[in-house]
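Have a go at each one before reading its solution.

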Amino acid sequence: MKPKEVIELAQKNDVKFIDLKFIDFPGVWQHTTLPAHRLDEAIFEDGIAFDGSSVRGWQPINASDMTMIPDPESAKLDPFFAHPTLSLVCSVYDPITKQAYSRDPRHIAKKAEAYLRQTGIADTSFMGPEAEFFVFDDVRFDHSKPNEGYYYLDSAEGAWNSGREEYPNLGYKTRHKEGYFPVPPTDTLANLRMEMMLALQASGIEVEVGHHEVASGGQCEIGMKFNRLLPCADQLMWFKYVVKNVARKHGKTATFMPKPLFGDNGSGMHVHQSLWKEGKPLFSGDGYAGLSQTGLHYIGGIIKHAKALAAFTNPTTNSYRRLVPGFEAPVNLAYSSRNRSASVRIPITGPSPKTRRIEVRFPDPSCNPYLAFSAMMLAGLDGVQNKIDPGDPLDKDIYALSPEELKNVPHMPGSLEEALDSLEKDHEFLLRGDVFTKDALHEWLDYKRQKELNPIRMRPTPHEFFLYFDI
């Protein structure tokens, strides 16, 4: 869509406001709203100025003036405001140099796509994320007091409510790890997911499937069609926006936090990936599971750099409540066809070369998609460029392997601290093509350590009182 077409779309729908959205460094949308009369073709060239000093991970206050420039291709009618509103996703620029801001995650994704074309290996990277989420009926938490801290979550379908007096309690609670996927009335969220799917489709996002997920307490998944790396990251942000706001509209709350519940499955985000050149798929061949050498080498790059990738694909301390050996998440760095216990899977897709792809299964939906997709593509490219052998496939149930069988299988980091340390040691592949700058990587490491790791490290947890109060 061109700027002129965006203006025509706004006029056709009697739009009253323009909502400009951009993403902060950790991965949450921010926005500012303009009256519709300010929408003209110049705004797509000059943008609008804003103060970046309060945006997480961005400029200090002495260099905080910034400019956001909307992307006309991102234009969508926003269904969640009281007045007709057009939504545009923006990239961020320095107002003095007019250069794209090096810490803008969307700019990093643009550079990743440009670098891919520069290599001559491929011209398109497709990403297809499967973002799981929870829908709760009640959420309360407090973390700021020196003498107390707690969280409380509730869901009408939670297994823990089977004995609760509900005047009346009608049963049909989802048993732990049995939410995949009984029909209503056990599945209480089918109609809500349909509302989400309709809202996504109305905004131009092609939906492929929606269903309850494994966990009790409201875990769901809605699958979207794959897309090119940059628009796919835009699409995932819009997806999260729609899911959260449709839930809110129905008196519920949705979260993409990876592990909100103890003792049941967490929310992952398997990411399907493939490279194409001149309209032809590069991962299809006559190797293992129908893969080409390019596809196998791409897997080799993902496995080699997985510990560093985790700093972007699993970027929260809560991510590692899910990535626990022996439970539901694929922490062992192996690849396989069909086997869902492997961290990289080659889905069974039929005979068409166009459907051949790999599925990276360790990421989760707390990630900033612009950074996570870019980092994974760069790791895979490093595998292709350096012909990295992924080793032999592991077609056994990895969860059932003995310690002796597992000793030579590498695994994901066990904590965010380990992932950040891995990134600090292994990041040269991210600097190629100036996709990630040293400044952006330094800020990511510093932000995660100072704003997330250290505050959590200093706070006791309820289970520590259970273990140690009487020691």
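**Exercise 1.** Find where Phe262 sits in this predicted model, and work out whether Phe262 is buried or exposed.

*Solution.* Start with the strands on either side: Phe262 falls in the loop that runs between strand S13 (253-255) and strand S14 (269-277). Next, check the cover. Phe262 has a relative accessible area of 78%, and exposed means over 50%, so Phe262 counts as exposed.

**Exercise 2.** Describe the second largest pocket: which residues lie nearest its centre, and which element gives the largest share of its lining?

*Solution.* Begin with the space, which comes to about 870 Å³. The lining takes in 40 residues, and those nearest the centre are Glu130, Glu221, His270, His272 and Glu359. Now go through the elements that give two or more residues: strand S7 (124-136), strand S10 (207-212), strand S11 (219-224) and S14. S7 gives the largest share, with six residues. Sort the lining by class and you get 13 nonpolar, twelve polar and 15 charged residues.

**Exercise 3.** How many cavities of 30 Å³ or more does a search of the whole structure find, and what lines the largest cavity?

*Solution.* The search turns up one. The largest cavity holds about 30 Å³ of space. Around it you'll find Val135, Asp137, Ser155, Ala156, Glu157, Thr188, Leu189 and Lys252. By class, that lining splits into three nonpolar, two polar and three charged residues.

Note on methods: Residues are numbered from 1 along each chain as its sequence is written. This is a predicted model: local features need pLDDT of at least 70, side-chain atom pairs count only at pLDDT 80 or more; totals for chains, interfaces and linings use all residues. Side-chain values use heavy atoms; hydrogens and water are left out. Helices (H or I, at least four residues) and strands (E, at least two) are DSSP runs, numbered from the N terminus. Buried means under 20% relative accessible area, exposed over 50%, partly exposed in between (1.4 Å probe, protein chains only). On a 1 Å grid over the protein atoms alone, a cavity is a set of points where a 1.4 Å probe fits but cannot get out, and a pocket is an open set with protein on both sides within 12 Å along at least five of seven lines; lining residues have an atom within 4 Å of a point. Grid points are joined across faces, edges and corners, and a volume is the space filled by probe spheres set on the points. Ala, Val, Leu, Ile, Met, Phe, Trp, Tyr, Cys and Pro count as nonpolar, Asp, Glu, Lys and Arg as charged, and the others, Gly among them, as polar.
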